[in-house]
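Subject: Structure for your review, with notes on what was found

Dear colleague,

Please find below the structure that I am handing over to you. My notes follow it, and I would be grateful if you read them with the model open beside you.

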Amino acid sequence: AEPVSVAQGKDQLPTGGLRQLMHIPPVEEMLGRAKKAAAMIKLDETLRSPKERSRKLANQRIHEFSKTLTKPLGEIIDTYSNFQHRLHPFEQVVAQLVIVSRERNGEGTMVDLLKEVKLLRKLTSQYANEGSHAAMKSLSIKEADDIRSSTQQRIFQMWEDRESCMKRLQKFVKDLRSVPVLDERMPSAVLVGCPNVGKSSIVRLISSGLPEVANYPFTTRGMSMGHMSHDAYGAICQIMDTPGLLARDASAHNVMEQLTLAAIEHTKAVVLFVLDPTGTAGPKSSVKNQLLVRAFLREKFPDARWIDVLSKSDMPFDKGEYHLPQDAIPVSCTVGTGKEELTEKVLHAIHSELFQMRNQKL
């Protein structure tokens, strides 16, 4: 997969910006609002001529009906034409991965989708202008109201015919707003490693409660997210496992591997590199391949705060065959060992960040 480029700017939101994206209401709801807004326009009793009053009423109701539809469409177009650049860098990557995944599934590009919304807005204004022009030339009260009614019905029908573009946009926004995120107001740690090395099991072991299993829109794989607590300090950080990385060239990384790399690059999270030394994680996650992935990450992110973890430590393995990290913390999710030592190591890594954040709240 092509690597995702990230924009930097002063106006960028903290993490959580995806969940604040503009909601897209259903078409039926938007049309109902427009009909109600138009009906609120009252007859101008200051005009003496009944014909003039009816012309003006029809014209104003058509205009209000159109405006109530085109204004939110304009806001939608403005928001989603350039929404990524204001997101936190990590969420920019996530948003782009969602977009790419939808394109590959045949759901079209974001650009094409917004073109359809722009056309919907243009036709709504066009039909309304044509109706308003005709209403102002009406020869009777009944004709003015008939033109108003037929214009609204024409717009109704056009929206129903083009409803699919709005539904696709709603689905897209729903996917973006449902993305799990790390809260920047709290220190964080991400578990990284090859597939099947026990990352999600370790999240469950060290979490103070049952971790939330969240899903990204571009994968069916659940992502475990939890919080780590310390007896003396309470909740100290949030923790999340990441998709497994394979020992291969960076240009071959898929979207899930890009997500893992983005979590390291664009968040301040401590990296807990999980290594399974038992040889039971499968051929793609052999100890040799795991060490290659570790070396790749250490070279790519030399400044990352780093803690090595040996999973499945209750199982036998050959300690002399490979040069395993000497300071790695052995953890067994089966027996429950290593939790306290790992918690203390994470606390040491985030100590200054944790107390800086707590002092800011005081």
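I begin with helix α3 (residues 89-104) and helix α8 (residues 255-266), whose axes come within 9 Å and cross at roughly 170 degrees. Here an axis is a line fitted to C-alpha atoms, for helices over the stretch in contact, and the angle runs from 0 to 180 degrees between N-to-C directions. The two helices, α3 and α8, are therefore roughly antiparallel to each other, on a scale where angles under 35 degrees count as roughly parallel, over 145 as roughly antiparallel, 65 to 115 as roughly perpendicular and the rest as oblique. On the α3 side the contact is made by P89, F90, V93, V94, L97 and R104, which meet V255, Q258, L259, A262, A263 and H266 in α8; contact means heavy atoms within 4.5 Å. By class, the residues of this contact of α3 with α8 divide into 9 nonpolar, 2 polar and 1 charged, where Ala, Val, Leu, Ile, Met, Phe, Trp, Tyr, Cys and Pro count as nonpolar, Asp, Glu, Lys and Arg as charged, and the others, Gly among them, as polar.

Before going further, please keep in mind that this is a predicted model, in which local features need pLDDT of at least 70 and side-chain atom pairs count only at pLDDT 80 or more, while totals for chains, interfaces and linings use all residues. Residues are numbered from 1 along each chain as its sequence is written, and side-chain values use heavy atoms, with hydrogens and water left out. Helices (H or I, at least four residues) and strands (E, at least two) are DSSP runs, numbered from the N terminus.

The crossing of α2 past α4 is left-handed, a term used if the near helix is turned anticlockwise from the far one by less than a right angle, with right-handed used if clockwise. The contact of α2 with α4 has 12 nonpolar, 10 polar and 3 charged residues.

With helix α6 (residues 163-177), helix α4 (residues 110-135) packs at an angle of about 135 degrees, the axes being 10 Å apart, and that makes α4 oblique to α6. This crossing of α4 and α6 is also left-handed. The residues that meet are M110, L113, E116, V117 and L120 in α4 and C165, M166, R168, L169 and F172 in α6, and they divide into 8 nonpolar, no polar and 2 charged.

V117, which lies in helix α4, is buried, with a relative accessible area of 0%; buried means under 20%, exposed over 50%, and partly exposed in between, for a 1.4 Å probe and protein chains only. Leaving aside neighbours within four places in sequence, V117 is in contact with L73, I77, C165, M166 and L169.

The largest nonpolar core has 100 residues, of which F83, W159, M166, L297 and L342 touch the most other members; such a core is a set of buried Ala, Val, Leu, Ile, Met, Phe, Trp, Tyr and Cys residues joined through side-chain atoms within 4.5 Å. Helix α4 gives the most to this core, with 9 residues. W159 touches V27, M30, L31, L69, L73, L120 and T124, not counting residues up to four places away in sequence.

V346, found in helix α10 (residues 339-361), counts as buried at 0% relative accessibility, and apart from neighbours within four places in sequence V346 is in contact with M228, C237, L272 and I307. D241 lies in strand β4 (residues 234-241) and is likewise buried, with a relative accessible area of 0%.

Finally, some notes on the backbone. Most residues other than glycine have a negative phi. N196, in the loop between β1 (188-192) and α7 (199-206), has a positive phi of about 65 degrees although it is not a glycine, and N196 is exposed, with a relative accessible area of 56%. K312, in the loop between β6 (306-310) and β7 (329-330), has a positive phi near 55 degrees and is partly exposed, with a relative accessible area of 22%.

With best wishes
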